[in-house]
Amino acid sequence: MTEIGIVAVGGYNEMGRNMTAVIVGEDIIILDMGLRLDRVQIHEDVEIDKMHSLELIEMGAIPDDTIMKEINGTVRAIVCTHGHLDHIGAIPKLAHRYNAPIISTPYTTALIKQQIEAERKFEVCNRVIPLNAGGTYQVTEDISIEFINVQHSIIDCVLAAVHTPIGAVLYACDFKLDRTPTMGEAPDFERLKSLGKEGVIAMIVESTNAGRSGKTPSEKIAKDMVRDVLLGTEESEVGMIITTFASHIPRLKAIIEAAEEMGRIPVLLGRSMERYVGAAKDLGYLELPSNVEMHGQRKDVDRALKRIIQEGKNKYLPIVTGHQGEPGSILVRIANGETPYTIEPGDRVIFSANVIPSPMTQANRYALETKLKMRGARIYDNVHVSGHAYREDHWELLRMVNPEHVIPAHGDMEMHGHYIEMAEDAGYVLGDTVHLLRNGEVLYIEE
């Protein structure tokens, strides 16, 4: 065998619906199977569990994996690097087409099982196999999967190395090089360096923030920002609401710790909060103080908000869904006056999240902030650090791993362009050693 194929199934034209296939002789390894969130306004009341995969492919919501019918070979494994929906959200719709196990880290495995259980249209019977960071799974005699620990805005995230007879293919979609994480271990730099020495034939790498200069700030910085905003005020009796990604367990931990310091009871509200935090708690990744409340169902959420108003806003810190202005989410319902919780002049609303850069989410978020301001809320924006590598982190990984070929993924044309420019600075040549792929294209790399 002298060549390896890389199939760009999804996530190469846009952010979201990530899916790549690696062809090794007659065997195929699928990497990620994600959803494009802005194409199905994911929120509290819209369920895609009854929708057909073809309908979702037409909407551009999940990868168009019909290209896989044209590829000769057998899918031997589906490998997921972390639990965000843009990497695992299409599993309930597509995984059943492949007679292959799903391999992922323990937390990701728990989230995938939740996804499969919620599915109503297809029966997904694939084995779901947990593999710890640092572990290796033998897929066939010639192919093994290795998980390398890395940091991102969700716990239990890894880079996946597909070991083949002619070298490794490293899949680095979604990571940051955080040396001082607030949960979990720092990235396994030693293993990445040794992998580079062993020989990496190709690296498939996210390009999301390749255009942002410098390096991504550590999650430790975000923890300090959250604490500074929540505790750094003389107006400590006002109502405060904070919103962040339900999957961002380290951030939620920092918010809960700050609530304790303030003497407020943290109240987690929203179905996704219940899902992600519940799984982290069950697996022992997160310990919650005894006074933490968690409510997912709408009637329970409204009951809790009514109690907060009755007993005093200053006693509680609601931690809610809705930072992107998703219709039906809790913060949007509060802004619309559809819950017992009323925003009064001087109340604070803290966004511990960035705005996802798509026109729909930007419009939703703008509408949400405007409604909150009309009710007198003080907005604290972008109390956040990114989970994605900036340009100098990308440079560092590229030099550490030193792949023969590099393929930007997980981004649009502009993001890929920024990555390619950076790779050219490192000596790669477009069309020769750095490759621009679009969804549906296949690249063959010969040794």
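These legends describe close-up views of a predicted model.

**View 1. Asn439 sits in a loop.** The loop runs between helix α13 (413–425) and strand β19 (442–446). Leaving aside residues up to four places away in sequence, Asn439 touches Ala8, Val9, Gly10, Gly11, Tyr12, Asn13, Glu14 and Arg17.

**View 2. The side chain of Asn439 faces a backbone atom of Tyr12.** Look for the backbone nitrogen of Tyr12. A polar atom of the Asn439 side chain lies 2.9 Å from that nitrogen. Tyr12 is also one of the residues that Asn439 touches.

**View 3. The chain is assigned two domains, domain 1 and domain 2.** Domain 1 is made of two stretches, 3–215 and 387–446. Domain 2 covers 219–380. Their C-alpha centres are 31 Å apart.

**View 4. Domain 1 meets domain 2 at an interface.** Here 24 residues of domain 1 are in contact with 27 residues of domain 2. The size of an interface is often given as the accessible area lost when the parts come together. For domain 1 and domain 2, the buried area is about 2300 Å². Carbon and sulfur atoms account for 57% of that area.

**View 5. Polar contacts link domain 1 and domain 2.** How many residue pairs are in polar contact between the two domains? The count is 5, with both residues at pLDDT 80 or more. Salt bridges across this interface number 0.

**View 6. Helix α4 lies on the side of domain 1 that touches domain 2.** Helix α4 spans residues 106–118. It supplies the largest share of that side, 5 residues. By class, the side has 9 nonpolar, 8 polar and 7 charged residues.

Notes:
Residues are numbered from 1 along each chain as its sequence is written. This is a predicted model: local features need pLDDT of at least 70, side-chain atom pairs count only at pLDDT 80 or more; totals for chains, interfaces and linings use all residues. Side-chain values use heavy atoms; hydrogens and water are left out. Helices (H or I, at least four residues) and strands (E, at least two) are DSSP runs, numbered from the N terminus. A polar contact is a pair of N or O atoms within 3.5 Å; within protein, one must be able to donate a hydrogen and the other to accept it, and residues adjacent in sequence count only if both atoms are side-chain atoms. Contact means heavy atoms within 4.5 Å. Domain bounds come from an automatic or database domain assignment. Buried area is the accessible area (1.4 Å probe) that two parts lose on being put together, summed over both. A salt bridge is a side-chain nitrogen of Lys or Arg within 4 Å of a carboxyl oxygen of Asp or Glu. Ala, Val, Leu, Ile, Met, Phe, Trp, Tyr, Cys and Pro count as nonpolar, Asp, Glu, Lys and Arg as charged, and the others, Gly among them, as polar.
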